[in-house]
Structures are given as structure tokens and as C-alpha cells.
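Here are some friendly notes to read alongside the model. Keep the sequence and the 3D view open as you go.

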Amino acid sequence: PMVELADLARRKSLRVIEDAAQAFGATFDGRPLGTLGDAGCFSFHETKNLTCGEGGALVLGDDEASRRAEIIREKGTNRSAFLRGEVDKYTWVAEGSSYVLSDVLGAILDAQLDKADEIAQRREAVAARYRSELADWAATRGVRLPPETDARRSNHHIFYLLFHDGGARDGALQSLRAHGVMAAFHYVPLHSSPHGQALGANPCPVTDRIASQLLRLPIHPLMEDQAVARVVAAVKESLP
């Protein structure tokens, strides 16, 4: 659907901004997420696969939009063009703000980017073990694991369990926390948030249902085998 929407946007001169905040390294039909729309927004917040604490990236496929974004990022000046030698001095040319990442955070991110493949491999290994060791348990209890398809390549930002109803999810969440496993639900759906309600957001019943049934398991690149085994054991006890 996202690919079709992006194609429709290009034909009708619409603009699609793709929220790819946690999608770095994932693909759909061979295309990197973040490139399906007119603009892709990535986050490098501390909770993401690659992090510098705070910060992000904007991916643009249009030269004009890229030049405009560069000026906005540089406080409304053409400083970047000056540094490239394209103009003899830089000055204020449009509205903008200070969106440049600090050198310290940039250095942290640079090191993360150097390790991007290693980080991805470690996350994939944890997800593969969850899938292998929980597959039979999930199948006999009506719990769904993240689907695997040829069209989708995950970056394993999360590994979730989708329970058959909200009560089972809540019970499993309490059981896991009692075992010292910090599992979590996903997000409060934006349409049901206070600001979403203030904006008059429409009901989204499918989103509400999934949000009530989804449970996220711990996953990060430094998880050791012993920690993964502990989570697996706790999950199996949460819904015997």
C-alpha cells in the first residue's frame, strides 16, 4: 500500500512523507524503507537500532527539495553551498532553524554506522532464536509471531507477540514483569492520544485492537544467549 501511495503521489503531484523513524536497514520489495515516499524521516534516538542519543536524518529524492531542506537546516542560510565553493559568501536566504547535529553526537553516529552490519546481524540472531524457540509454543496458543515474507526484509527493531485478545496480552505482560523481564506494549495509538483527540482524529478500530494485543520482547545487539533463554522461559510460563 505504501508503494502504491507513493506512486499515486508522484502522478498527482502529492507529497508523501514516510515515517521511517525505526526502519533503517529494512526493505520492501528490495527498496530501502525511507525511499518509498517523496521524503523519508529516520530517527537516531537512543531506542533505535543505530543511535547517537538524539538526532535524525531526512532522505530526499528531489534536488529542489534537498536544496530547500539544506537551507532550512542551516538556519536559513546558504552556508553549505559556500562550504562547497558554489558561492563566494554565505548569507541569510530563507527561513530556517538550527537542525545541525552536534560534532560529538555526529562522531557517535559515525561509529554506529561503521558497525551497522554487525548490529544488524546481532539483532537478527536474537530474533531468529526467539522465532525458533517460541514457534511451537505460539502455534498451540494462538499467538502470532512477526510474519516472514519474501517481499519484506526486517531490521529486527522489535520482536513482538500478538495475542488473541487484550486480556491474554495483559496477563502475559504482568507475568513477564514478575519474572524480571521488561517486556512492553507498543505505543498508545496516535488517534487516541490526547492531542489526537483534540485534533478530531477518526476512530481506527483495527489499530486499537492490535495495540491491545501486541507485546514486545526485549531485543538489542548485546543480548547474550543466557538472557535470550531467560526471556523464552518466562514467555512460556506466561501462557502455559
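1. Let's begin with contacts, meaning heavy atoms within 4.5 Å. Among contacts in the protein chain between residues at least 6 apart in sequence, 54% join residues at least 24 apart.

2. Before going on, a word on the source. This is a predicted model, in which local features need pLDDT of at least 70 and side-chain atom pairs count only at pLDDT 80 or more, while totals for chains, interfaces and linings use all residues. Residues are numbered from 1 along each chain as its sequence is written, and side-chain values use heavy atoms, with hydrogens and water left out.

3. Now the overall picture. The protein chain has nine helices and eight strands (DSSP runs numbered from the N terminus: helices are H or I with at least four residues, strands are E with at least two). Its C-alpha trace spans about 70 × 40 × 35 Å along the principal axes.

4. How much of the chain is buried? Of its 240 residues, 34% count as buried, that is, under 20% relative accessible area with a 1.4 Å probe, protein chains only. The chain exposes about 14,800 Å², and carbon and sulfur atoms supply 55% of that area.

5. Have a look at both ends of helix H2, residues 63-73. Asp62 caps the N-terminal end, with a side-chain oxygen 3.1 Å from the backbone nitrogen of Glu64. Just after H2, Lys75 takes a positive phi of about 65°.

6. The lining has 15 residues, and Gly56, Ala57, Leu58, Arg73 and Tyr99 lie nearest the pocket's centre. By class, ten are nonpolar, two polar and three charged.

7. Finally, a search of the whole structure finds one cavity of 30 Å³ or more, a cavity being a set of points where a 1.4 Å probe fits but cannot get out. About 40 Å³ of space lies in the largest cavity, and its lining includes Phe24, Phe44 and Lys48.

Key
A polar contact is a pair of N or O atoms within 3.5 Å; within protein, one must be able to donate a hydrogen and the other to accept it, and residues adjacent in sequence count only if both atoms are side-chain atoms. On a 1 Å grid over the protein atoms alone, a cavity is a set of points where a 1.4 Å probe fits but cannot get out, and a pocket is an open set with protein on both sides within 12 Å along at least five of seven lines; lining residues have an atom within 4 Å of a point. Ala, Val, Leu, Ile, Met, Phe, Trp, Tyr, Cys and Pro count as nonpolar, Asp, Glu, Lys and Arg as charged, and the others, Gly among them, as polar. Buried means under 20% relative accessible area, exposed over 50%, partly exposed in between (1.4 Å probe, protein chains only). Accessible areas come from the Shrake-Rupley method with a 1.4 Å probe; for residues, only the protein chains shown count as cover. Grid points are joined across faces, edges and corners, and a volume is the space filled by probe spheres set on the points.
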